[in-house]
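Please read them with the sequence and coordinates at hand.

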Amino acid sequence: FEDFGAKHGQISKQTLCKILHHLDSSWTKKRLEHLLDGFGSSQDINVDTYKFFDWIIHPQPSLVELPLKCRSERQRSQFLREQWEPFQQEVEDLLQSTAARADAGFSLQEVMPSHLRLRALTDKCRSLTETWHGRANISYMYEMFMKMAERDGHSGYLFQDIPQQRSEDGFVRVLDGEARARLYTGSKSASRRKCLALVGRMQQTTGESPIDNLQLPNLMRRKDALLLTVGHRIQQFFVWALRWKQRRIMARFPSECHQAAVKARARAMEEGNDSVALKLLVEHGCLVESYGQVPQAIRTQADEFIAECLQRPEGELDEELADFLKHCQISPGRPYKADRVGHKLLLLKALRSPELRVMWRSDVEAFTQHRYITGTWTRRAPLYYLPDDGECVVLRRPGDEESSRFRKNIFAYAESHGLGQSGGGWTDSSHWPAGSLMYELGSLLCIDDAAKLPNHFVTD
């Protein structure tokens, strides 16, 4: 103890272990290491007993309650190495594959990851950040998602391509507005499709406003469902046939032929040969992967042929069902004539009708260009709306469960520029996985339709 006093309370870990073991034989070096790891001196040779015993007698909040960023260096490093970095790599790989699909000319609805994949990654981001910070956030996922969405076919440009300049102090950034407007206008005119028949694809504009199209209607006429589903299958069979022909062509090439060599050899065979499969090898240097890579003129001819083959006599709908169908397409997520019971009765009637088809939400999402991620939260303050000619109205009350849906702003004027749309109409909760009726019926169930807020003149 004289030696202990002379060192101002410093004691070696070996001596401390002997003392504790003498008092209680269950103490071992490994157990002491875990204790010192929580104390924050596992890497030190000696232990400051004054601080150590003060830490034991007057403990801070439980280590379980502390966010991981406040714990030991070893625990932080282990978390980053085993959980966060693999997640980060998974998202970055997804960004690269999204860019690769866009550059390769995939169909627009095939470029972005699926809604289910994005939701799973967002939930994982929320869980990992809650472990690290003590509070969940999806900032990283939001930033990476916005980078992916620049490639979704709606954005007329990548933000980094817009000429811009910073002020000397760095606080002001000036964009070339004319270049930005020119790129945006050009993308709109270039995106118009010539073929009138919607074969294997869906109209991407729907709902009560120009941006109310995150969830496309899954109630449709039988002929439209045929053009969508059967038409898509025929398109995929066409792609399969092209791949089969390309394999036969590439069988003549050396086995270790890289992409540039494939292009060169295919180009040498192209003279006097009108084969679409060969032309695609010249263009891409690899097997065709998407219907979107097929030249536009050929796709138009194929779509028109498919539409003609799938024509069937169309029966008549009674007036009420026709009006119900129109309502579900114009106002998805809202009950028909504000009658929730009547809405569900008409939904059952639509299921029984041979002229209508109810498609699963997970099937329709595969044809939707628009992707989004969701942030869920509980309201603490009321949301008011003040009409021009009326009294103040409470739209949402404290305690209401909210879902904010984040999507890309196609006319971005900053990095990660997105749009936040209100929830309502369908569930985005992880409690209802794909395959459940709550998920698959989508906006037809009109879940919490009061949460469908106006896009203008009211916000949080």
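**Notes on the predicted model**

1. Glu-33 and Lys-13 are joined through their side chains by a salt bridge, with an N to O distance of 3.4 Å; the term requires a side-chain nitrogen of Lys or Arg within 4 Å of a carboxyl oxygen of Asp or Glu. The two partners lie 20 residues apart and link distant parts of the chain, Glu-33 in helix α3 (residues 29-39) and Lys-13 in helix α2 (residues 13-23). Helices are DSSP runs of H or I with at least four residues, strands are runs of E with at least two, and both are numbered from the N terminus. The structure contains 23 salt bridges.

2. This is a predicted model, in which local features need pLDDT of at least 70 and side-chain atom pairs count only at pLDDT 80 or more, whereas totals for chains, interfaces and linings use all residues. Numbering starts from 1 along each chain as its sequence is written, and side-chain values use heavy atoms, with hydrogens and water left out.

3. Helix α13 (residues 319-330) and helix α14 (residues 340-352) have axes that come within 11 Å and cross at roughly 110°. Axes are lines fitted to C-alpha atoms, for helices over the stretch in contact, with angles from 0 to 180 degrees between N-to-C directions.

4. In contact terms (heavy atoms within 4.5 Å), Glu-320, Leu-321, Phe-324 and Cys-328 of α13 meet His-343, Leu-346, Leu-347, Lys-349 and Ala-350 of α14. By class, this contact has six nonpolar, one polar and two charged residues. Ala, Val, Leu, Ile, Met, Phe, Trp, Tyr, Cys and Pro count as nonpolar, Asp, Glu, Lys and Arg as charged, and the others, Gly among them, as polar.

5. The second largest pocket holds about 520 Å³ of space. A pocket is an open set of points on a 1 Å grid over the protein atoms alone, with protein on both sides within 12 Å along at least five of seven lines; lining residues have an atom within 4 Å of a point. Volume is the space filled by probe spheres set on the points, which are joined across faces, edges and corners. Of the 27 lining residues, Thr-374, Thr-376, Ser-403, Asp-428 and Ser-429 are the closest to the pocket's centre. Helix α6 gives the most to this lining, with seven residues. The lining comprises eight nonpolar, 11 polar and eight charged residues.

Note on methods. On a 1 Å grid over the protein atoms alone, a cavity is a set of points where a 1.4 Å probe fits but cannot get out, and a pocket is an open set with protein on both sides within 12 Å along at least five of seven lines; lining residues have an atom within 4 Å of a point.
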